[in-house]
Amino acid sequence: MKQKCKAKVKDNIKIADGIYDIRLETDLAAYANPGQFVGVYTSDASALLPRPISICEAEVDRNCLRLVYRVVGKGTDWLSKKESGEEVDILGILGNGYDLSTADEKKEIILMAGGIGVPPMVELAKKLSVDHKVSAVIGYRNSETFLLDDLKKYADVYIATDDGSVGFKGNAVDALGEYKLNPDIIYACGPMPMLRAIKRYAEEHDIEAYISLEERMACGVGACLGCVCKTVHKDHHSHVNNARICTDGPVFEAGEVDI
Ligand SMILES: Cc1cc2nc3c(=O)[nH]c(=O)nc-3n(C[C@H](O)[C@H](O)[C@H](O)COP(=O)(O)OP(=O)(O)OC[C@H]3O[C@@H](n4cnc5c(N)ncnc54)[C@H](O)[C@@H]3O)c2cc1C
Ligand code: FES
């Protein structure tokens, strides 16, 4: 299901410093899978391309998509000022999302996220927890945490902070050892250094890992090649070692991508 449509803002609240939680009323909610995203059109003339934002939760009973975003520039600033009852144009549902069947037969399922990679983990934990026990290792810069209560509904949550103000002092990969977690499979989303460390960890421990690459995008629909990443295997259409993050991803098996 992919279409451009109007969505009504139900609420749009600040939940941490520079972080907002918006609920958009849209029939697209019924078609969303964890790890997929929507493109949000902003009215700023220099920002004609949709801003990709991950689906934090698909609240199908309320017909709402929940997005949690950090204000970093004009587009996200514009979005943060939208009030209940206003409408925004969105394009969705985009991207591949996490394949839930990869968790079958796995004993220790670990979600790992940092910063603005945390939001998609809520929907992922919600879906996985229906059939599996789920743990999550979440990295924050400091005690300014967000979405912890949401995650705790579906997963055992372990925290790492850069400054040690909450949980383990250090990064999320080192926290695995600290908390004696031995994943059979990892699902991750977060900053590139974290994803690289997870890819390395997965290779060293010979386990599956799926990482979501939330890199810069332009069209969001596969047309501009503004989002390509290097892959180990050749694309069967173009015969080059590239993938489009917006359509082939954003979720990739860690061993498939050269990051
Ligand atoms: C698949 C995907 C999912 C995403 N999900 C979320 C989400 O759930 N929540 C969230 O807050 N953000 C998410 N992002 C990032 C978000 O799309 C950007 O922050 C947003 O487009 C910035 O728009 P802007 O107009 O406010 O800023 P711009 O004016 O476009 O940029 C402002 C600054 O932010 C930097 N920037 C822009 N985009 C990115 C990016 N993708 N990664 C790192 N730095 C960037 C720019 O280099 C610049 O320094 C996601 C990105 C992708 C590709
Ligand atoms: S953003 Fe245009 S091809 Fe991916």
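On a 1 Å grid over the protein atoms alone, a pocket is an open set of points where a 1.4 Å probe fits, with protein on both sides within 12 Å along at least five of seven lines, and its lining residues have an atom within 4 Å of a point. This is a predicted model, in which local features need pLDDT of at least 70 and side-chain atom pairs count only at pLDDT 80 or more, while totals for chains, interfaces and linings use all residues. Residues are numbered from 1 along each chain as its sequence is written, and side-chain values use heavy atoms, without hydrogens and water.

The largest pocket is lined by 49 residues, and R70, V72, I116, G117 and E214 lie nearest its centre. In the second largest pocket, the lining has 15 residues, of which T231, A243, D248, F252 and E256 are the closest to the centre. The volumes below are the space filled by probe spheres set on the grid points, which are joined across faces, edges and corners.

| Pocket | Volume |
|---|---|
| Largest pocket | about 1,300 Å³ |
| Second largest pocket | about 260 Å³ |

By an automatic or database domain assignment, the protein is divided into domain 1 (3–94) and domain 2 (100–214), and each of them gives at least three residues to the lining of the largest pocket. Contact, meaning heavy atoms within 4.5 Å, joins 15 residues of domain 1 to 17 residues of domain 2. Two salt bridges are found across this interface, a salt bridge being a side-chain nitrogen of Lys or Arg within 4 Å of a carboxyl oxygen of Asp or Glu.

Technical notes. Chains are lettered from A and ligands numbered from 1 in the order in which they are written.
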